[in-house]
Every structure is written in C-alpha cells, then in structure tokens.
Amino acid sequence: KRFDDDVNPLFGKPKDLNKYIGMESEQFSWLQEYMNGDNDRETIYTLWDPVEIQVLPHLSGIVTRTICVRIHAFNRQIPEAMENHLSIRVPAKPNNPNVQLYTNMNAVRFVHVYKMTLKNDYVIREQATNLIDIFLRLNMTSEVDLTSYFITINNIDDWASYSIGFNKIPGSSIH
C-alpha cells in the first residue's frame with residue numbers, strides 16, 4: 001500500500017509513527033485483511049517476516065511510503081528464476097482497491113539493525129543519514145541506490161528489531 005505524507009521530522013508528528021506508518025497503522029490493517037481472506041478467492045496467506053516499508057522522498061517535500069508484506073517465499077534450494085518459471089502462482093485479487101500486488105525479486109541491501117520503537121520520523125531519518133555517511137566515507141555511493149530506503153520490521157520473541165537499509169545497485173561490483 002502506498003501513501004503520501006508530509007511528516008515533519010523536527011516535531012515528531014505524529015506522536016507514534018508505528019500507528020501512522022507501521023504495523024499498527026490503518027494501511028497495514030488493509031494488508032492484514034487481505035491476508036486473512038479479504039480477496040476474490042477468500043484465500044488466507046501466512047504473514048512472513050519481515051514487513052518492509054519503502055521510503056521514497058520527493059523534492060516537493062512529500063514522502064511516499066509503501067508497506068510491503070510477502071505472500072509467497074521462494075524455496076531457497078531452487079534457483080529463484082526457475083521456481084518462478086515453473087510455478088503457476090496467481091495470487092488472489094484484493095477486494096480493497098488500496099491493496100496492490102507486485103513481484104519483488106530479492107535485492108542485496110546494506111543495512112543497520114537495531115532494537116527500538118518507531119516513535120518518530122526523526123530517529124528513522126537519523127539512522128538513514130548515518131548509513132549514507134558510511135557510504136560517503138567508504139566512497140561507495142555509486143554502488144548504492146540512494147533514491148529510497150527501507151525500514152524492515154522483524155518480530156522475534158515478542159520484540160521487534162528494525163533495520164534501515166539501502167539497496168545495492170544491481171550489477172555493481174561490491175558483493
């Protein structure tokens with residue numbers, strides 16, 4: 001689900017970012033409803049960790065955030081392209097027009113993992129800035145897609161770990 005906003009990082013608006021863009025948000029509840037059978041076949045899907053939020057800033061000051069969940073995971077023993085080719089998987093169509101389906105192949109991502117809560121946008125942006133500073137210090141900005149970043153939420157043993165990450169540019173030389 002994509003949604004645009006103009007959250008002001010200095011004032012921490014809204015008070016609890018998790019309720020605004022995270023797993024307690026209205027947008028995430030739409031995805032949960034889809035996975036609980038609110039689709040054209042009433043198919044129930046398992047919620048896989050992690051949940052991801054892609055953050056795409058625009059020059060206008062608007063930020064597009066897309067919450068993503070997996071409805072299928074590839075078998076790691078079979079090359080992804082082959083499994084995708086041999087599998088005839090047509091996911092159920094969402095009843096809610098705000099839920100969109102798309103294929104997201106695996107990406108290599110440079111991340112920083114930490115334990116905290118999603119309280120305000122400033123902390124998230126601070127973590128993204130720290131990663132960009134590392135990329136600059138290591139002279140690797142040509143290897144990293146700096147147009148957007150990802151917030152990844154993993155729920156492990158009743159606590160969430162978060163990571164902030166940037167995708168590696170496909171075909172770049174860093175492994």
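In the predicted model, Glu-42 is exposed, with a relative accessible area of 65%. This residue is located in the loop that runs between helix H2 (26–35) and strand S2 (51–57). The phi angle of Glu-42 is near 55°, a positive value in a residue other than glycine. A positive phi of about 55° is also found at Asn-139, again not a glycine. Asn-139 occupies the loop between helix H4 (121–137) and strand S5 (149–156), and its relative accessibility of 68% places Asn-139 in the exposed class.

A search of the whole structure returned four aromatic pairs. One of them joins Tyr-34 and Tyr-45 in a stacked arrangement, with 5.5 Å centre to centre and 15° between the planes. Because Tyr-34 belongs to helix H2 and Tyr-45 to the loop between H2 and S2, this pair ties together parts that are eleven residues apart in sequence. Both Tyr-34 and Tyr-45 are buried.

Tyr-149 and Phe-166 form a tilted aromatic pair, at 5.8 Å centre to centre and with 50° between the planes. The pair links distant parts of the chain, with Tyr-149 in strand S5 and Phe-166 in strand S6 (residues 159–167), 17 residues apart. Tyr-149 and Phe-166 are both buried. Together with Phe-110 and Phe-135, Tyr-149 and Phe-166 make up one aromatic cluster.

A contact between a charge and a ring was found as well: the charged end of Arg-109 sits over the ring of Phe-150, at 3.8 Å from the ring centre.

Key. Residues numbered from 1 in each chain as written. Predicted model: local features only at pLDDT ≥ 70, side-chain atom pairs only at ≥ 80, totals over all residues. Heavy atoms only, no water. Helix = DSSP H or I, 4+ residues; strand = E, 2+ residues; numbered from the N terminus. Buried < 20%, exposed > 50% of the residue type's maximum accessible area, 1.4 Å probe, protein only. Phe/Tyr/Trp six-rings, centres within 6.5 Å; stacked < 30°, edge-to-face > 60°. Lys NZ or Arg CZ within 6 Å of the ring centre and 35° of its normal.
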